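Trainee: Could you take me through one part of this protein in detail? I would like to look closely at the disulfide and what surrounds it.

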Amino acid sequence: MNRLIFILPIIAFAGLAAFLGFGLTKDPKALPSQLIDRPLPEFALPGIADDAGTSPELAGFASASFKGEPRLLNIWASWCAACPQEHPVLERIAAEGFPVYGIAWKDKPADSRRWLGRYGNPYAGVAADEQGRTAIDLGVTGVPETFIVDKKGRVRFKQIGPISPEVWEGQIKPLMQQLRAEA
């Protein structure tokens, strides 16, 4: 009995050390998405257009439109501190001929329009998720986040945080080119 009192703490410490040691082998920045290789969740979102019916790309879109060609789905907000940092890369992506769609997350449409007026609009379509319900279905944890959706409407990649030029050239662009080449 006396030996057991001394051995149990040692066994408990060894188990805890093994558990924590295993956790150190994981990348803390990598948050796997449950949506990878699954269909984009169904949604239909209104746009951020004003009553005057500004440009058609501000009219909103639905998940059904994410079929036929690979696309990027970028979750952003006018209040997002990192979104201006990412914006030039999104403009570059759009200029290179890759369609980028944006969902303004928990943002007022007027604020989103002002933000796009200030920074420019790289989006082929912009939708408003004022309540954040679609973002919950997508598993969004913050902004910006970007999803790559293939020709069949399946999520193939998730980028958490801003897309840097290095991430675009090294990861996302090659994947987009590969997805375009698939039959």
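Mentor: Happy to! A disulfide here is a pair of cysteine sulfur atoms within 2.5 Å. By that rule the count comes to one disulfide, and it joins Cys80 to Cys83, with an S to S distance of 2.4 Å. Keep in mind as we go that this is a predicted model.

Let's begin with the bond itself. The torsion about the S-S bond of Cys80 and Cys83 is about 90°, so the disulfide is right-handed. Are its two cysteines buried or exposed? Buried means under 20% relative accessible area. Cys80 has a relative accessible area of 6%, so Cys80 is buried. Cys83 comes out at 3% relative accessibility and therefore counts as buried too.

Helix 2 spans residues 83-95, and its axis comes within 11 Å of the axis of helix 3, residues 109-119, the two crossing at roughly 60°. Helix 2 and helix 3 are therefore oblique to each other, and helix 2 passes helix 3 in a right-handed crossing. Which residues make the contact? On the helix 2 side they are Cys83, Pro84, His87 and Glu91, and on the helix 3 side Trp115, Leu116 and Tyr119.

Lys106 is found in the loop between strand 4 (100-105) and helix 3. Its phi is near 50°, a positive value in a residue other than glycine. Most residues other than glycine have a negative phi. The relative accessible area of Lys106 is 46%, so Lys106 is partly exposed.

You will find Asp37 in the loop between helix 1 (2-24) and strand 1 (44-46).

Now for the wider setting. The protein chain has five helices and seven strands, and from the N terminus on its elements run α-β-β-β-α-β-α-β-α-β-β-α. Of its 183 residues, 41% count as buried. Among contacts between residues at least 6 apart in sequence, 73% join residues at least 24 apart.

The largest nonpolar core has 47 residues, and those with the most contacts inside it include Leu72, Leu73, Ile93 and Leu138. The largest share of this core, six residues, comes from helix 5 (residues 165-181). Leaving aside neighbours within four places in sequence, Leu138 is in contact with Leu35, Leu40, Pro41, Leu73, Ile75, Ile103, Phe147 and Lys158.

Not counting residues up to four places away in sequence, Ser63 touches Leu40, Pro41, Glu42 and Phe43. Ser63 lies in the loop between strand 2 (60-62) and strand 3 (71-76), and at 11% relative accessibility Ser63 counts as buried.

One last stop is the cis peptide bond joining Val143 and Pro144, where omega is about -5°. Most peptide bonds are trans. Pro144 lies in the loop between helix 4 (133-138) and strand 6 (145-149).

Notes. Residues numbered from 1 in each chain as written. Predicted model: local features only at pLDDT ≥ 70, side-chain atom pairs only at ≥ 80, totals over all residues. Heavy atoms only, no water. Core = buried A, V, L, I, M, F, W, Y, C linked by side-chain atoms within 4.5 Å. Buried < 20%, exposed > 50% of the residue type's maximum accessible area, 1.4 Å probe, protein only. Helix = DSSP H or I, 4+ residues; strand = E, 2+ residues; numbered from the N terminus. Contact = heavy atoms within 4.5 Å. Axes fitted to C-alpha atoms, helices over the stretch in contact; angles between N-to-C directions. Parallel < 35°, antiparallel > 145°, perpendicular 65-115°, else oblique. Left-handed = near helix turned anticlockwise from the far one by under 90°.
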